[in-house]
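Dear colleague,

Please find below the structure that I am handing over to you.

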Amino acid sequence: MEPEGTQDARGTHATPVPPPRPARAPGEMVPGVPPRPDGAAFLTWLRTPRPKAAPGVWRFGHVARPEQEPELIPSRQLLSGALIAFLVGWLVWSLLWNGYLGGWWVVPIELLLPDSWIYGQGRVGNAFVWYGYYTVIALIIMIGVGKLGRWGEVWRRFVLPRFRRPAPQAPPPPPEEDPAQWPQLRAAGADAVADRLAADAGAGLMRDIDHARIARAWASVRAGRNTLAAFGEAVRRDGAAACAHPSGDRDLPARAARHDLVTAQVRLGRTADDPRNPYAYRGAGLGIGPDVLGTSLLAVGPAGSGKTGSVVWPLAESLCLQALAGRAAVVVVGAAGAGLGPVDAYDVVIRLGHPESVYDLDLYGGASDPDEAAAVLAEGLVGDLAEPHPGADSRRSTTVLAQLLGPFRAVHGRFPSVPELRALLEGAPGPLGALRKALEDAGQDAMLRELDARERQLGHLGDAGVLLADRVALLDRPAFAPFFNTSDGPESGRPFSLRALDHPVRVRIDLPERGHADASRILARLILAQFTSSAAVREDRSLFACLVLDDATGTITPESVRAVQRLRSANAGVVLTLRTLDDAPRPLRTPLLGAIGCRMALSGLTPWDGQDFAEVWGKEWTETRDVTDRQIIAETPLGKTVHVLRKVITGNHATARAVTVRQVERERWSASELAHGVPPGHAVLSLRDVRGEHAPPLLVDLRG
């Protein structure tokens, strides 16, 4: 029942107020107000063709171009030639019609037709025959001069586009080919499930990430990891919201880039229409997906060149969407406040050195084996001090740590915290004596031998424990006191281990760059070592695992270069950024560029950095033409007239041209071009996917 009236502020009944008049009739469209969602936009997006393309090409609605660039005649030359051809045809016809060329051109009709047809059919009949013949001759002249003047090219280039109507909307594909009807489900006999999903899509209840997530769940059913009954029950119960991410999120709070979750690509920009790019790539969108990131990516450019805003965050955003769809696990590492997305875009946010951080980082990466934990920790602590050549490693440091971690875990059932590890490395008598006594009481003879070996090395020249203790001291600061706790007491936080890469997690780790730069370098190396170790031992490799490391300064070590090479076979990859290649040891630059499949040089690169990219991109055979023009001097009035006419048609003086064609080998991009020829907001990028297909270095506009 509607109320009969309203009460004023004093509680008395006022005059009944009629309801406001509707602004529009039901279903009527209002300018500027978007219509209610009905699924049409989603269905159009889903049905847009995505043809197979070369690596790095944005496949959504892509129209392939020919491999070779067609030769286009300049517009001035084309129009002048067409006009001159028309005047020549008109002149020929006038000469024929007025008899200046004789009567030979009417001989064919007199030979082919009898005289009774030509002269004996009366005035109207004769006119029909003769004017028909004149029309044929005129058409022959027109066809001849039209071919000479390229009238067809003039029509296609200047006239036809003015009359071309927009292409009509393509009709929906047949049900067996319509992705909105889920033909793969119908082929498996799940018609009811497909009908529910198709109804939600048509009603506007399904998003692109819902489609990707359900397609991923169906792939797990096909792979035998889930049952068809459980999948069907979830879809019938929840519809487009079925098989949700553990966080319950169905999208990110906001999107900064264009994404196509059918092909798992993110659009980073547009390939420039530049002669240095292959013609098939010019003007095409630049799309990056897991098939390309599986070979890892390195972006090098100075501060302000757009590494974080144009490359790192769009890639991290795409991987977060893939994680919500159950396809990927992503770990994003950068300095606090680096612009790596809002907190709500992640499941776990670790703010190292910040007292309000909810999560903690497991210092040992979730390892239970002391030798494995020692290897990862040694790489993080002193990996940058190993000799920078391919055969170097941190084996001595690993041995020292293993001699302490093993006995400690045998006694306490856990690994030591940072203060405990520092005391053991420094050789303090109290902690070592207590550890020895506990081992003797437990009868751990093997671990006692490990501890004896460590005590014999104490104080000797070249003992790696001294250096390890100095590096651990950088983490044993008051700002890090609440972190890296290995106990199970109430004072311990919520430790996160990179062993969780078996699940579609979204993790962001903020490093304390400002006040603890050296500690941040250690933590970045440690996270990279833990990621490469955990990604290689995952049980479920169907998830694409990716580490996005914004500013990888100090993380390039011999072991990290070898580990990055092994990620390709583990369905994992890393995204690294550097301000300059000088941030990596000189002997490791070539191995690093060789281990990374995708290399990006942003604008503002130094010439010596450009030289390294030029060497790794190599050379190619190109065809060069040496043209020598010699101007022809006319001496007669007729020759001068011909030269003037030629200049009007071609726009050039009359010359005698000698062309020499040679095949030469030259650099794809020289160091000078990389340093001075890349405009602001652009980059030169080479790509290689996990199948081995590659794209040559391309000049791309990251703002397009």
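This is a predicted model: local features need pLDDT of at least 70, side-chain atom pairs count only at pLDDT 80 or more; totals for chains, interfaces and linings use all residues.

Residues are numbered from 1 along each chain as its sequence is written, and side-chain values use heavy atoms, with hydrogens and water left out.

**Largest pocket**

The largest pocket has a volume of about 1100 Å³. A pocket here is an open set of points on a 1 Å grid over the protein atoms alone, where a 1.4 Å probe fits, with protein on both sides within 12 Å along at least five of seven lines; lining residues have an atom within 4 Å of a point. The volume is the space filled by probe spheres set on the points, which are joined across faces, edges and corners. The lining of the largest pocket comprises 32 residues, and P275, N277, P278, Y279 and R282 lie nearest the centre. By type, the lining residues are 13 nonpolar, five polar and 14 charged; Ala, Val, Leu, Ile, Met, Phe, Trp, Tyr, Cys and Pro count as nonpolar, Asp, Glu, Lys and Arg as charged, and the others, Gly among them, as polar. At least two lining residues come from each of β13 (619–631), β14 (655–667) and β16 (694–701), and β13 contributes the most, with six. Strands (E, at least two residues) and helices (H or I, at least four) are DSSP runs, numbered from the N terminus.

**Surface patch**

Y100, L101, W104, V107, L111 and L112 make up a nonpolar patch on the surface, with about 740 Å² of accessible area together. Patch residues have over 30% relative accessible area and no salt bridge, and nonpolar side chains (Val, Leu, Ile, Met, Phe, Trp, Tyr) are joined within 5 Å. Areas come from the Shrake-Rupley method with a 1.4 Å probe, and for residues only the protein chains shown count as cover. L101 sits in the loop between α2 (75–97) and α3 (107–112), and is partly exposed at 38% relative accessible area. Buried means under 20%, exposed over 50%, and partly exposed in between (1.4 Å probe, protein chains only).

**Backbone angles**

Most residues other than glycine have a negative phi. R150, in the loop between α5 (122–148) and α6 (151–163), has a positive phi of about 55°. C243 also has a positive phi, near 55°, and lies in the loop between α10 (228–238) and β1 (258–260).

**Salt bridges**

The whole structure holds 38 salt bridges, each a side-chain nitrogen of Lys or Arg within 4 Å of a carboxyl oxygen of Asp or Glu. R436 belongs to α16 (residues 429–442) and E455 to α17 (residues 445–457), so the pair ties together parts that are 19 residues apart in sequence.

R586 and D612 form another salt bridge (3.2 Å, N to O). This pair links helix α21 to helix α22, so parts 26 residues apart in sequence are tied together. Salt bridges that share partners join D582, R586, R589 and D612 into one network. R586 is partly exposed, at 48% relative accessible area, whereas D612 is buried, at 5%. Other buried residues of α22 (residues 607–617) include F613 and W617.

Yours sincerely

Technical notes:
Patches are made of residues with over 30% relative accessible area and no salt bridge: like charges are joined within 9 Å, nonpolar side chains (Val, Leu, Ile, Met, Phe, Trp, Tyr) within 5 Å.
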